[in-house]
Amino acid sequence: AEGGAAAGGGLGDRQRGTAEGLAAAEGWAAGGAGQPGELDAAGGPRVALSGGGSIPLLGLGTWGLGDDATAGAAVEAALAAGVRHFDCASIYRNEAAVGAALHAALASGRVARRELYVTSKLWPSDHARVREACLGSLRALRLDRLDLYLLHWPPSDDGSLERLWRCMESLAAEGLATSIGVCNCSARRLDALFALRPAVAPAVNQVEVHPGWRNEATLAACAARGVHVTAYAPLGRALGAGAGASLLNEPVVREAAAQLGGTPAQALLRWAIARGCSVVPKSSSRARIEENARSLRLAPREGGRAGEVEALRALDAIEPQQRRMTGETLVGARRLYASVEEVWR
């Protein structure tokens, strides 16, 4: 299984994330920007992408935020906490609400466009109309370009991949998206994409990553290809029936949080950052959004960075490894894949 690497193998040379990811957060925090517990005006530490530009390590996931008023309020809360990275998608049905909140902040001068990092995604039903779908997201978000546009799910047949990716490349060439990438792309599918010798390589692969699904094979493939990983569901919450329990109440997570002087959610976010990932936890709670933002300023109670690495390494022992996004809702008549196995192959 992709996520089933041996315990203890997570924070090491394979992803080369531990020192680099924590150093990025620690070095930024040491700079003293912003108020205690808040991000600075640029949205906190960023990591460089292979094709140029950089992505903030911490963002707000916008899936499942509720009605438009709730989604807009979540964006406002995130902006107030200093978050500048917003992970969107047409299928989330709330891009207009997100866009309205971002537009208000831009129009008031509270934020500058260069500070924002906005991602959207192409849903499979729009694979035949890539440019039109991208323009639809831009209109809803009230932007003239996306910082990142992703294939939300790869096509079930590799034969469609080349046409799709050439369309994605044309968006980058036109300036509609600064960077392009993929979501839910397995190591095998990533190899298939690079075998096409893309003119524009995927800058990001957004996949599920947390201690309950370490996803080692995918992370290793991305590291070998220079593809940055954004972790969705980084708190290990269930995304559907039968998708495993939340990690927030795991004793080992609570112990790590105590050693780090933070909360379980903050420990889980630091774990993913230590692997070199950016994270996009979703929340509609102002308190939780602020809590997540403070994860970048944790100061371990003892042992410094070495103590943090040791505390986070304990999370690698969590078993069983189980996806929270099972893919079952994508299977069946008029769905995207013939079987769950095909979803993840």
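Trainee: Is Arg214 buried or exposed?
Mentor: Arg214 is buried, at a relative accessible area of 0%. Buried means under 20% relative accessible area, exposed means over 50%, and partly exposed lies in between, with a 1.4 Å probe and protein chains only. This is a predicted model, where local features need pLDDT of at least 70 and side-chain atom pairs count only at pLDDT 80 or more, while totals for chains, interfaces and linings use all residues. Residues are numbered from 1 along each chain as its sequence is written, and side-chain values use heavy atoms, with hydrogens and water left out.

Trainee: Where does Arg214 sit?
Mentor: Arg214 is in the loop between β8 and α7. Helices (H or I, at least four residues) and strands (E, at least two) are DSSP runs, numbered from the N terminus. The C-alpha atom of Arg214 lies 9.0 Å from that of Gln322, a residue 108 places away along the chain.

Trainee: On to α7, then. Which of its residues are buried?
Mentor: Glu216, Thr218, Leu219, Ala221 and Cys222. These buried residues pack against α6, β8 (204-208) and β9 (228-232). After α7 comes Gly226, with a positive phi near 75°.

Trainee: How do α6 and α7 cross?
Mentor: The axes of α6 (residues 187-194) and α7 (residues 216-225) come within 9 Å, and the crossing angle is roughly 25°. Therefore α6 is roughly parallel to α7. Angles under 35 degrees count as roughly parallel, over 145 as roughly antiparallel, 65 to 115 as roughly perpendicular, and the rest as oblique. The axes are lines fitted to C-alpha atoms, for helices over the stretch in contact, and angles run from 0 to 180 degrees between N-to-C directions.

Trainee: Which residues make that contact?
Mentor: From α6, Ala187, Leu190, Asp191 and Phe194; from α7, Ala217, Thr218, Ala221, Cys222 and Arg225. Contact means heavy atoms within 4.5 Å. By class, the α6 and α7 contact has six nonpolar, one polar and two charged residues. Ala, Val, Leu, Ile, Met, Phe, Trp, Tyr, Cys and Pro count as nonpolar, Asp, Glu, Lys and Arg as charged, and the others, Gly among them, as polar.

Trainee: And at what angle do α8 and α9 cross?
Mentor: Roughly 90°, with the axes of α8 (residues 251-260) and α9 coming within 8 Å. That makes α8 roughly perpendicular to α9. Val253, Arg254, Ala256, Ala257 and Leu260 of α8 meet Pro264, Ala267 and Leu268 of α9. The α8 and α9 contact has seven nonpolar residues, no polar ones and one charged.

Trainee: Changing topic: which residues touch the most other members of the largest nonpolar core?
Mentor: Phe86, Tyr149 and Met168, in a core of 79 residues. A nonpolar core is a set of buried Ala, Val, Leu, Ile, Met, Phe, Trp, Tyr and Cys residues joined through side-chain atoms within 4.5 Å. Helix α9 (residues 264-274) gives the most to this core, with eight residues. Beyond four places in sequence, the contacts of Phe86 include Leu60, Val75, Leu102 and Tyr117. There is also a second, separate core of nine residues, among them Trp123, Tyr232, Val280 and Trp344.

Trainee: Which way does phi go at Arg142, positive or negative?
Mentor: Positive, about 60°, although Arg142 is not a glycine. Arg142 lies in the loop between α4 (130-141) and β6 (146-151) and is partly exposed at 45% relative accessibility. Ala233 is not a glycine either and has a positive phi of about 50°. Ala233 is in the loop between β9 and α8 and counts as buried at 16%.

Trainee: Last one. What pLDDT does the chain average?
Mentor: It averages 88, and 84% of the residues score at least 70. pLDDT is the predictor's confidence in each residue, from 0 to 100. Over residues 1-17 it is below 50, and that stretch has 51 contacts in the model beyond near neighbours in sequence. Residues 27-37 also stay under 50, with 20 contacts beyond four places in sequence.
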